[in-house]
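Open the model in your viewer and keep the selection panel at hand.

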Amino acid sequence: MESHAAETAAQTMAQACADTMWHDDRASKALGMSIQRIAPGEAVLAMTVRPDMTNGHDICHGGFIFTLADSAFAFACNSYDERSVAQHCAVTFIAPARLGDRLSAHAVEVVRAGRSGIYDITVTSQSGVVVAVFRGHSRTIKGSILEGT
């Protein structure tokens, strides 16, 4: 029973952190992203590729794919009410995304120790094709998300 209560409290905390962050996340909102799932150390965000996101090859510009993965990373590593920022990120593009594709970025915590965390993010298309893989290293900074400090 304690385990269930702890899981429920952790999920409530993760959701509250996501709600607080989303309120002021103008960048993710401007790109049409939406939060699909939040859990402790995990997040799924989605975005549809618009015409203004395509490049000269008529595919989605990699910067937008990176940004979707980075936003999912941010929500996953900030799910514990400890303010966290990216310390290092790397992305590998696997397949092109095209106009109208609905992309989903699934961020999963690999390890969290001290002030550091490592998260793997997989970006897929609506048909399940892996578009990119992203690894983010997080670092906690001063302050709390829910207390706004």
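Rings of Phe, Tyr and Trp (its six-membered ring) pair if their centres lie within 6.5 Å; planes under 30 degrees apart count as stacked, over 60 as edge-to-face and the rest as tilted. The structure holds 4 such aromatic pairs. This is a predicted model: local features need pLDDT of at least 70, side-chain atom pairs count only at pLDDT 80 or more, and totals for chains, interfaces and linings use all residues. Residues are numbered from 1 along each chain as its sequence is written, and side-chain values use heavy atoms, with hydrogens and water left out.

Select Phe-73 and Phe-134. Their ring centres are 5.9 Å apart and their planes stand at 55°, so the pair is tilted. Phe-73 lies in helix 3 (residues 62-77) and Phe-134 in strand 6 (residues 130-140), so the pair ties together parts 61 residues apart in sequence. Helices (H or I, at least four residues) and strands (E, at least two) are DSSP runs, numbered from the N terminus.

Now check burial (buried is under 20% relative accessible area, exposed over 50%, partly exposed in between; 1.4 Å probe, protein chains only). Phe-73 is buried at 1%, and Phe-134 is buried at 3%.

Next, select strand 2 (residues 42-48). Of its 7 residues, 6 are buried. Two strands pair if DSSP finds at least two bridges between them. Strand 1 (residues 34-39) pairs with strand 2 in the antiparallel sense over 5 bridges. Pick Ala-39: its bridge partner in strand 2 is Glu-42.

Finish on strand 4 (residues 102-113), joined antiparallel to strand 2 by 7 bridges. There, Leu-103 is the bridge partner of Met-47.
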